[in-house]
Amino acid sequence: MSLIRDAARSRTPKLRNIVADSPAPNAHTEAELAALIGLLTAPRSRIRSVAVGHGRDAESRTAAQAFIRAWQALHRDVLAVVDWPEDAASWLRPARRLTAQAPDAWVLAGAPLGVAQLARRLRQSTEWHPARTFGFASLGTPRLVELAGADTVHGLRGASADGGTWDMRHGWTTHYEREQARRIRAGETLRKQTSFADYLAQRTDDPSYTFRQHLRRTGGAIEE
């Protein structure tokens, strides 16, 4: 069993003996920021207040500041801004600061290793929930699932650099193209977009017909 898998299953949030092999996050894009704001302000969303957390690298700090400016321009509230080092002695203090004022949602920017350890502490020690958490593109990677554990980040969503979105469910990280993401935010389910009922009918006639073939035929695109 790998060191990462062992660490993800342990009860302590700190991941020991794990090499920080992921590079620092890239600079965020305007399309990424717009998609992130779109997720938080989607139809039927009741999110008015957020807490923002970010790593201490320049890119994560800049991304968080850009989000804060955009969010406040919509006359919505930022209840807390919390940062953390990539390898903290304890994750309890930033976890408590992020959750102390009970925001409607959380927005995170940072590298997977730091966010994984923070998320583990949040899950164990606070009322935080991943389904109410949104991240920048640097977090939309299976590496975060591997480090944090699938249950810890189940439901977490975020934006991609090209303006698409991603989510984490049951250990899978799924990316949606920009147009798919826009239609999902507008209320059109992915099942409807991909004509899933038609796919099942085609499978009845031809058991060798794959979902990937179906997506090519219908113009859909999903990447896992």
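Visitor: Is Asp-167 buried or exposed in this model?
Guide: The model is a predicted one, and in it Asp-167 has a relative accessibility of 10%. Because a residue counts as buried when its relative accessible area is under 20%, the value of 10% places Asp-167 among the residues described as buried.

Visitor: Which residue forms a salt bridge with Asp-167?
Guide: The closest N and O atoms of the pair are 3.8 Å apart, and a salt bridge requires such atoms to lie within 4 Å.

Visitor: Where do Glu-146 and Arg-143 lie?
Guide: The side chains of Glu-146 and Arg-143 meet in a salt bridge at 3.5 Å, N to O. Glu-146 is partly exposed at 39% relative accessible area, while Arg-143 is buried at 16%. The two residues are three apart, about one turn of the helix, and both lie in helix α6 (residues 142–148).

Visitor: How many residues apart in sequence are the parts that Asp-83 and Arg-56 tie together?
Guide: The side chains of Asp-83 and Arg-56 meet in a salt bridge of 3.5 Å, N to O. Asp-83 lies in strand β2 (residues 77–84) and Arg-56 in the loop between β1 (49–55) and α3 (58–73), so the pair ties together parts whose separation in sequence is 27 residues.

Visitor: Which residues are linked in a network of salt bridges?
Guide: Asp-83 counts as partly exposed at 25% relative accessibility, and Arg-56 likewise counts as partly exposed, at 48%. Both belong to the network of salt bridges, whose linked residues are Arg-56, Arg-61 and Asp-83.

Note on methods: Residues are numbered from 1 along each chain as its sequence is written. This is a predicted model: local features need pLDDT of at least 70, side-chain atom pairs count only at pLDDT 80 or more; totals for chains, interfaces and linings use all residues. Side-chain values use heavy atoms; hydrogens and water are left out. Helices (H or I, at least four residues) and strands (E, at least two) are DSSP runs, numbered from the N terminus. Buried means under 20% relative accessible area, exposed over 50%, partly exposed in between (1.4 Å probe, protein chains only).
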